[in-house]
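Please look over the structure before reading the points.

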Amino acid sequence: MLRKNHRFAYDIKNLKGDILGGFTTAIVALPLALAFGVASGAGAKAGLYSAIITGILSTLFGGTPAQVNGPTGAMTVVLIELYEKFGIEALFASMLVAGLIQILIGVFRLGKYIHLIPQPVIIGFTNGIGFLIFIKMITYFKTNPLLASITILIMLLFPLLTKKVPASLVALIVGSVVGIYFLPTDALVGTIPSGLPTFALPTFKLDALYQILRSGFVLAMLGCIESLLASLIVDEMTRTKHHSNRELVGQGIGNTIASLFGALIGTGAIVRSVVNVNAGGRTRLSGILHGIILLVITLKFGSLASTIPLAVLGGILMGTAIKMVEYNATRTITYASKRAGTVVIVTTLLTIFTDLTIAVAFGTLLSMFFFVLRMGEVYLKKYDIDCTYLTKKVVSYTIEGPLFFGVAHAIISKLEIEAADADIVVLNLMNMPAIDSSGAISLKNIKEVLKANDVELVFAGLRENSLDLLLKMDVLTEEEVLLSSRRIGEVLDQIKALATA
C-alpha cells in the first residue's frame, strides 16, 4: 500500500493565488532587479538573473514557502563598496563565500541565534542602508537631475493613487519614455548580453583574500538577518511557521549557484514577499513562477532594457531608499524609550559612516548595556522602613532574581548611590535563587565601600545554595552566617532593637 508523501503534496486550491502572486511579484521585481544589478557594478543582467536563480532555488530549498527571494538594497550597498574597491572578480568571490557560509549556518542549526539581534539594531541598520543607497545613487541622479526627480516623485506619489499597480514599474515605464522622447540622455543601461548565463569560478588577487572573506561573512550575516526578518513577516501574514535553518540552507544554495553563474546574491525580499502574499501566493510555486516569468521576460525582452536611462534606475532606487527608512518605527521607539532610540540612532550613524559589521556589533552591545542597566533597576527593590524612633537610619532592599555577571555591577552601583546617606543597609537575598562569582565579588566590593563610608551592610534571607560561595569569596564571615540566614523580618527586628539601644 502506497503512502501519500505530504511533504510534496500540493493543494490545488492554492493554484490561482500562487499564479497571481508569481506574476504580480515578477512585475514588482523587474525594475528593482535591473536597478540593483546596474548599481552593484555587475550589470543589469546580474540583477535579473539574481532574481531568477535565487527566486527559484532559494524558494525551492528554503523554509518559508510564501517568501520571494532576490537582490535587495541591503546587499547592494555592500556589493557597491566591494566592487569599487576590489573589482568584479572579488565581488563574485565574496558572494560565493557568503553562500557557502549561509549553508553552513543552516546545516549547523545556528539560525535561531540570528533572531537575538535586537529590533532597534535592525531598524537602525535598515535606516542606514536607506541613506547609503540614496547617497550612492547621487551619481546616477546627476546624469539627468530632472528625469531622476520625476522618477522619484512617481515612486513616492503613485502609491497614493493606487497600490494595485507597482510604483516601481510605472516609474520605469514613464521615466524611460520621458527619457527617450523628452529628456534624452547618453547615460543608458547599455547592451545586455543575450542568452543564459555561463558557469565560471571567480578568480581574484591573493592580496584581496582577507577582504573577500570579511565581505563574504558580512554578506552572509546580512542575508541571514534580512531573510529571517522577511520570514517572520510572512509567518505573521499567513499564520504559518517558517523553518529557520532550512531557510538559510535554501538561501545559501541559491546564492552559491547565483555567484557561480555571474548573478548577484539575494535574500528574502520583504516587499516582494508581502506583495506575493497579498496577491494570494501561499506555496513555493508562487516564488518559482516569479523566477520563471522573469526568465521569459529577460530572454524575450531583455534588449529593451538597454535604452533605459541610468537616471531612471537611480530615481527608482532613491525612491526605494526614502521608503526604506523606518520613520514611524524610529519615532515610536524613541518616544517609548530613550535608550532604544539611542540604539537606533547610533546604529544608523555607524552604518552610514563605518560599515554594517561594526554598526550591528556595536548596536547589539549597546542594547545589551542598556539591558543590564534596566535589569539593575528592576532587580533591586527598596522597602520603606519607619525610622522615627531609631537612632540610626536603616534602609532595606531586596534583590529580585539571580545575581550574575550581566547585572551584578548595575545592581551594586545603584545600591551604592541610593544607600549613601544610610547607617545600616539590610539586603534581602531570599528572592535571589542563584549567584555567580561576579555577583559574589560585587557584594564583597559594595560591603567594603559601605564600610569605608561607615555604613554597615547586613544580609538576610541567604539561601543555602549560595552560602558556600559567599564564605569562600570572603563576602561573609562565619559569625555573620547565622544572622544572614534568617528571614528578613527577623533580621529587621534585631537591627531595629540595636538601633534603639
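The points below are grouped by topic, after a note on the model.

This is a predicted model, in which local features need pLDDT of at least 70, side-chain atom pairs count only at pLDDT 80 or more, and totals for chains, interfaces and linings use all residues. Residues are numbered from 1 along each chain as its sequence is written, and side-chain values use heavy atoms, with hydrogens and water left out.

**Largest pocket**
- The volume of the largest pocket is about 1,200 Å³; a volume is the space filled by probe spheres set on grid points, which are joined across faces, edges and corners.
- A pocket is an open set of points on a 1 Å grid over the protein atoms alone, where a 1.4 Å probe fits, with protein on both sides within 12 Å along at least five of seven lines.
- Its lining (residues with an atom within 4 Å of a point) has 43 residues, and Ile270, Val271, Arg272, Thr320 and Lys323 lie nearest the centre.
- Elements giving two or more residues to this lining include α1 (15-40), α9 (209-238) and α13 (310-324).
- The largest share, 7 residues, comes from α11; helices (H or I, at least four residues) and strands (E, at least two) are DSSP runs, numbered from the N terminus.

**Helix α3**
- A kink of about 130 degrees in α3 is centred on phenylalanine 86, the bend being the angle between axes fitted to the seven residues ending at a residue and the seven starting there.
- Arginine 109, which follows α3, has a positive phi near 55 degrees.

**Open sheet**
- Four strands run in the order β3-β4-β5-β6 with mixed pairing; two strands pair if DSSP finds at least two bridges between them.
- β3 (380-383) and β6 (456-460) are at the edges with a single partner strand each, so one side of each has no neighbour in the sheet.
- β3 pairs with β4 (residues 394-399) in the antiparallel sense over 4 bridges.
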